[in-house]
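Subject: Structure handover

Hello,

Here is the structure for your files. My notes follow below it.

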Amino acid sequence: MRKILGLAVLGAVITLPVAAQQPLFLAYPPEEHQTTASTIFLIGTASPSGEVLVNGQAIERSPAGNFAPSFPLQLGENQFTLRYQNQEIKVSVTRLSTEPEVPVGLEFSKDSLTPTVDIARLPGELVCFSAIASPKAKVTVGLANQTIPLLPQSQNIQLPANSAVLTQLNQPASESVIGHYQGCTTAQTAADLGQPQYQLTVNGQTTSQSAAGKISILSPAQLEVVEVTADAGVARTGPSTDYSRLTPLPKGTRATVTGKEGEWVRLDYGAWIKAAEVRFLPGVVPPLSLIRSIRARQVAGATEVIFPLQTPVPVSVQQGDRTFTLNLYNTTAQTDIIRLDDDPLISRLDWQQVTPTQVQYTFNLKSQQQWGYDLRYEGTSLILSLRYPPTLKSNSLSGIKIVVDPGHGGDELGSRGPNGYPEKDVNLTVSKLLQEELVQRGAEVYMTREEDQFVSLEDRVKMINQLKPAIALSIHYNALPDGGDAMNTAGIGMFWYNTPAHSLSVFLHNYLVKKLGRPSYGVFWNNLALTRPHTAPSVLLELGFMINPVEFEWITNRKEQQKLAKAIADGIVAWFQNVQQNRQDSPTSKQMRV
């Protein structure tokens, strides 16, 4: 992971098999594949002459012989037989139901009783229960001295997976359900309520079963306090990794625990965090802080704003056009004076007490483009670091630091083309070509990997955060989840997460589509490891679809790879020039020039 000062030796580009020598090959799906999708695509190749038959029907192929037809799936096992001349491949795909099987007798559906893990709630909060059992049964839950009836539900609104937006199939579906029972209750006093006891009655017969999880009600006067031990504690909107991420919590943050669910704890400002990322502090009272004056200082490459606090409190960040907003929770202002001199980044600071325990600071910025931030605690003082823009010299990238991340590597293949060619190889090849083009334009380029080796996502992100480049680019090629249309989905896509990366994502997407005449797949806000770094604008590029039979030929064409790398480098130069021009034309800059 050393700095690359010269030109890299380019890896060999795969040579597509000679047509007459290419046997029938199926890259996807694997044998005995299981999915919940209603369709499946078959990705593969064979010599272009002649026909490839799937279950006796000829399928469409690219000029090089690649194919990616989609077929509907019935629930259960689906058999596909591919034939080319005297060659044959058989594959089985099982479509799984998303609905649990409803029992017909005196029993509950397996693992349907909630809670499945131990949970803790505050007094007065809803505690809900659900079960799946025979229709027209009577279901109740015994909890301490309560008996809670569960009522049958007739309809369920099924939300699609997040990945469904990639196939444009992300519409909620209303479906009728049978055998689903739900009900809720509350408890007003602190207590260990134990395991809920479910009772099922069918045709006069009764059986009982305990839920796997226990329920407890917390005492508001005896809540536990935790401290974040991870460098950046992952805060979420709910108690699982399915829930959305919130602003990472700096190491040392303290908060009161107001709920528990399995391996997760809920913090007093509403976020959930894994118990493994905090430590409990016995005997510590709920952390609350006053804040009075704050101050700013200019350091190399950034302005730092120092918030003196009595205890490290939870924080959240929102970034907008020309604004950076910081929220401090469990905090009350006693502020009468703030000093903020003229600053390279900040035109004005506004603050308000939005709730009795939440103070909000809004930094009005001189430029619409932001370049990253960092948050850390030094003792009980919060340090916010806002990065300065890099300086662009004429039409070059001289002095501009850029991280290029070739996606995947080693045992992590990424997606595969119709002939089995792995994404990791083309990622590295194009990244090295891009590196060469950027170095020619004066950039200081850092590669997260320079050969076919595994590099963890954590190490890639760590490199970006340590180097703090002007921008970071993660190079990838695309595929689709089951249910997509591999034959007709193509094009360049850009993925961003933090606000500073949005402008670069849109600009590069439009630039490449226009300059190369490529299809547009779109620009996506996406919660990906390589888009999440907030210390620099970080973009993940999906430069085409490995699974598209025709686009795959463009992806693996050496001349087209060189044109692509040059276009990306030219687009980066153009974006920097555009940002610099916008900064010079801003009202604040004009006033300063006067």
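Which residues does Asn 66 touch, not counting residues up to four places away in sequence? They are Gly 44, Thr 45, Glu 60, Arg 61, Pro 418, Pro 549, Phe 552 and Glu 553. Contact here means heavy atoms within 4.5 Å.

First, the ground rules. This is a predicted model, where local features need pLDDT of at least 70 and side-chain atom pairs count only at pLDDT 80 or more, while totals for chains, interfaces and linings use all residues. Residues are numbered from 1 along each chain as its sequence is written, and side-chain values use heavy atoms, with hydrogens and water left out.

**Asn 66**

Asn 66 sits in strand β8 (residues 66-67). Strands (E, at least two residues) are DSSP runs, numbered from the N terminus. Asn 66 counts as buried because its relative accessibility is 5%. The classes are buried under 20% relative accessible area, exposed over 50%, and partly exposed in between (1.4 Å probe, protein chains only).

Two of its partners are polar. The Asn 66 side chain makes a polar contact with the side chain of Thr 45 at 2.8 Å. It also reaches the backbone oxygen of Pro 549 at 3.2 Å. A polar contact is a pair of N or O atoms within 3.5 Å; within protein, one must be able to donate a hydrogen and the other to accept it, and residues adjacent in sequence count only if both atoms are side-chain atoms.

**The disulfide**

The structure holds one disulfide (a pair of cysteine sulfur atoms within 2.5 Å). Cys 128 is joined to Cys 184, with S to S at 2.0 Å. The pair links distant parts of the chain, 56 residues apart: Cys 128 is in strand β13 (residues 127-132), Cys 184 in strand β16 (residues 173-185). The torsion about the S-S bond is about 100°, so the disulfide is right-handed. Cys 128 counts as partly exposed, at 40% relative accessibility. Cys 184 is also partly exposed, at 40%.

Two strands pair if DSSP finds at least two bridges between them. β29 pairs with strand β30 (residues 302-307) in the antiparallel sense, over five bridges. Arg 297 stands opposite Glu 304 in β30.

Best regards

Methods. Helices (H or I, at least four residues) and strands (E, at least two) are DSSP runs, numbered from the N terminus.
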